Protein chains: 2
Amino acid sequence: MGLVVQKYGGSSVGTAERIKRVAERIVATAKDGNQVVVVVSAMGDTTDELMDLAQQVSPVPPARELDMLLTSGERISNALVAMAISSLGAEARSFTGSQAGVITDSSHGKARIIDVTPGRIQAALADGAIALVAGFQGVSQDTKDITTLGRGGSDTTAVALAAALKADVCEIYTDVDGVFSADPRIVPDAAKLDTITYEEMLEMAASGAKVLMLRCVEYARRYEVPVHVRSSYSDLKGTLVTGTMEELPMEQALITGVAHDRGEAKVTVTAVPDHPGVAARIFRAIADAEIDIDMVVQNVSISAQGKTDITFTLPKGDGPTAVAALESRRSDIEFDQIVYNDHVGKVSLIGAGMRSHPGVTATFCEALAEAGVNIDIISTSEIRISVLVRDVELDSAVKALHKAFDLGGEDEAVVYAGTGR
Amino acid sequence: MGLVVQKYGGSSVGTAERIKRVAERIVATAKDGNQVVVVVSAMGDTTDELMDLAQQVSPVPPARELDMLLTSGERISNALVAMAISSLGAEARSFTGSQAGVITDSSHGKARIIDVTPGRIQAALADGAIALVAGFQGVSQDTKDITTLGRGGSDTTAVALAAALKADVCEIYTDVDGVFSADPRIVPDAAKLDTITYEEMLEMAASGAKVLMLRCVEYARRYEVPVHVRSSYSDLKGTLVTGTMEELPMEQALITGVAHDRGEAKVTVTAVPDHPGVAARIFRAIADAEIDIDMVVQNVSISAQGKTDITFTLPKGDGPTAVAALESRRSDIEFDQIVYNDHVGKVSLIGAGMRSHPGVTATFCEALAEAGVNIDIISTSEIRISVLVRDVELDSAVKALHKAFDLGGEDEAVVYAGTGR
């Protein structure tokens with residue numbers, strides 16, 4: 001008998017009718033001889049509606065109370081799914097994150113999971129019941145207050161439970177068929193990947209792919225939980241996130257996919273003195289404003305005056321705050337001006353095979369040049385090449401790279417057998 | 001410094017605007033130098049809407065899951081009130097019934113409170129915060145599952161907390177000005193009572209007055225919690241439920257009010273053998289169907305055949321079930337027929353003074369006779385006279401009794417100074 005953890009998102013349980021469909025799928029999984037634990041997000045737009053209500057009574061709702069409020073959404077959907085399962089003749093019990101043993105720190109709104117002690121879940125499974133667990137929430141170890149986990153929290157709840165219960169797989173049900181070699185809305189012949197390693201999925205998520213949140217993949221990798229991303233609207237197999245790069249054959253240059261991100265902006269601090277400490281003061285100013293930085297470029301100082309420019313990217317929404325933070329420290333940092341550009345886009349090529357094939361970078365740049373796309377910044381990791389380009393050229397860049405690396409397919413996982421390019 | 005427990009019903013917090021008004025009243029109470037604990041029901045029709053959702057996914061929702069679902073309503077409203085209080089500059093923390101230490105048995109949907117251990121509430125108060133507690137819910141001592149308390153559960157939560165915290169008063173905010181000498185919709189000159197004893201309030205509640213549920217008054221009496229029933233729409237004093245009959249002066253015939261109940265039906269089991277055991281079998285059949293009986297009348301057997309009729313009243317909704325239960329035991333009980341009449345109404349006169357004034361019963365019957373109202377059944381207690389009449393004569397009966405006992409007033413508590421009638 002296997003143990004399966006399933007997660008269903010808000011649109012999958014958006015109406016009574018959809019809830020009944022989800023219940024049917026859950027019961028079918030149990031009838032196949034599995035113990036089943038299900039994590040459900042709040043119905044449809046419930047979370048947004050509750051946030052809206054909160055803002056009507058209080059412009060700046062206290063974080064503790066916001067968590068008490070928002071967690072009602074998951075409580076409602078999980079109880080309803082449990083009821084729907086019961087009406088199909090199977091036994092089901094719903095639990096809050098706290099009851100399920102999801103222990104967190106006390107950062108309301110973005111709590112991190114410290115531990116998972118799923119005693120009551122195991123007891124329910126032992127009784128032959130299907131367990132429903134409210135996603136996106138836990139209880140603070142210190143204060144015993146209810147906490148929410150931030151974006152992608154339900155996926156993280158599911159993976160964390162799968163790890164604690166040593167589940168055979170964690171199935172994430174979503175509204176796409178799986179992880180693709182590129183966004184199918186930009187590249188019509190994008191191929192659904194059969195499998196992808198944890199590290200590649202991490203890079204995809206960090207590079208803009210929205211199907212799974214970074215923290216959820218990190219958790220899965222750390223505890224070696226196989227994650228099956230699949231569609232809640234069909235029975236087709238999706239994409240299995242499992243395995244590490246070390247397990248892949250070295251000689252094949254595996255290029256997995258192209259990710260893109262329209263959400264970044266570029267900040268250039270010009271003519272800063274080129275001596276130790278200046279870059280530190282710039283990034284400390286940004287860090288103090290609690291802004292995460294992505295790509296960073298500092299050119300070699302060529303000017304006789306010993307000045308250089310420092311460029312970095314960050315989420316668009318944080319742009320104005322970052323500029324203000326730097327302006328306020330002008331005397332400290334001594335720069336000429338701050339150039340802010342939010343008409344940029346980031347394109348990334350991801351693949352474990354890059355490690356052993358230096359030619360990939362050349363092919364990458366040639367493909368973009370042929371498509372007339374100018375490269376602004378380049379940033380790389382062991383298995384990823386990212387560039388910043390003009391936002392209006394983003395789609396062309398994605399298409400060009402996808403074609404150059406032969407990633408298009410017809411429902412086959414793509415393997416770029418090494419041609420040494 | 002006093003400790004005040006306040007309870008606000010669903011319509012008092014039905015919209016964001018009303019929530020803000022309630023928050024203002026709570027903060028004003030705290031500014032008067034009180035520690036404040038507030039129990040809030042779910043917003044408006046939330047509970048009904050959730051029930052409706054439940055029925056859409058499952059015709060017979062499992063009780064445990066229904067409680068998990070319905071309790072979300074109170075969680076939402078309490079968090080919102082806490083937020084509104086915060087935006088007024090005061091500190092507030094919301095708690096579920098479980099977090100507040102409301103311990104119950106495991107009867108989902110109609111749980112009884114076993115104990116209240118309000119440690120976290122006391123800690124919040126000691127920190128100078130206002131505590132919000134979700135009404136209508138608790139946690140089962142045995143299973144640790146969330147339970148709901150049934151009708152009037154939020155009032156009961158408030159009184160139970162007031163008892164455990166030794167509060168100075170429990171204020172129940174509602175949409176009427178207080179407890180009246182009769183329903184103002186039937187008797188326009190009904191007077192708002194300034195005070196009423198626990199026993200009289202118990203009789204009023206048991207006789208059809210809907211302003212406070214019986215169990216809530218019982219709890220208040222047992223722990224001697226003063227309950228102030230008042231309007232959430234004004235600052236007028238309401239009715240204070242406090243004190244026992246023993247504390248009232250004996251000589252004054254205090255008649256407090258007239259209550260009525262349109263929700264009962266009458267069942268007569270005719271020609272049952274008049275020997276020991278028969279009545280027991282009838283009432284055992286009804287009890288096995290989990291139906292509560294109110295008034296009971298058995299006439300003296302006058303027939304030569306040793307037969308008699310047994311009549312009792314019960315809630316209208318249970319009528320068909322009761323008749324079916326008796327029919328199914330026909331051979332066991334040996335009756336002739338069952339006569340069912342749901343066109344009846346109950347009128348009750350309540351007052352501590354009845355104990356010492358036998359003339360009250362006579363005045364009662366004369367008033368009804370003069371109004372042309374025929375008495376079907378009479379049932380009395382130490383401080384109450386109830387009669388069953390034809391439902392179309394109910395209003396006339398209420399008016400006649402109210403007048404006969406001079407209960408009308410102009411914002412004064414009514415005292416029927418003994419005239420020996």
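Which residues is T313(A) in contact with, leaving aside its neighbours within four places in sequence? They are E264(A), A265(A), K266(A), I293(A), D294(A), M295(A), I377(A) and L388(A), where contact means heavy atoms within 4.5 Å.

This is a predicted model, in which local features need pLDDT of at least 70, side-chain atom pairs count only at pLDDT 80 or more, and totals for chains, interfaces and linings use all residues. Residues are numbered from 1 along each chain as its sequence is written, chains are lettered from A and ligands numbered from 1 in the order in which they are written, and side-chain values use heavy atoms, with hydrogens and water left out.

Strand β16 of chain A, residues 307–315, contains T313(A); helices (H or I, at least four residues) and strands (E, at least two) are DSSP runs, numbered from the N terminus. T313(A) is buried, its relative accessible area being 0%; buried means under 20%, exposed over 50%, and partly exposed in between (1.4 Å probe, protein chains only).

**Interface of chains A and B**

Between them, chain A and chain B bury about 3200 Å², of which 64% lies on carbon and sulfur atoms. Buried area is the accessible area (1.4 Å probe) that two parts lose on being put together, summed over both. V57(A), R75(A) and M83(A) supply 24% of the area that chain A buries against chain B, more than any other three residues. In terms of contact, 40 residues of chain A meet 40 residues of chain B.

The rule finds two salt bridges across this interface, a salt bridge being a side-chain nitrogen of Lys or Arg within 4 Å of a carboxyl oxygen of Asp or Glu. One pair is R120(A) with D145(B), with the closest N and O atoms 3.2 Å apart. Elements that give two or more residues to the side of chain A that touches chain B are tabulated below.

| Element of chain A | Residues |
|---|---|
| α1 | 16–31 |
| α2 | 46–57 |
| α3 | 63–87 |
| β3 | 92–95 |

The most is given by α3(A), with 16 residues.

**Relation of the two copies**

The same surface serves both copies, as 100% of the contact residues of chain A recur in chain B.
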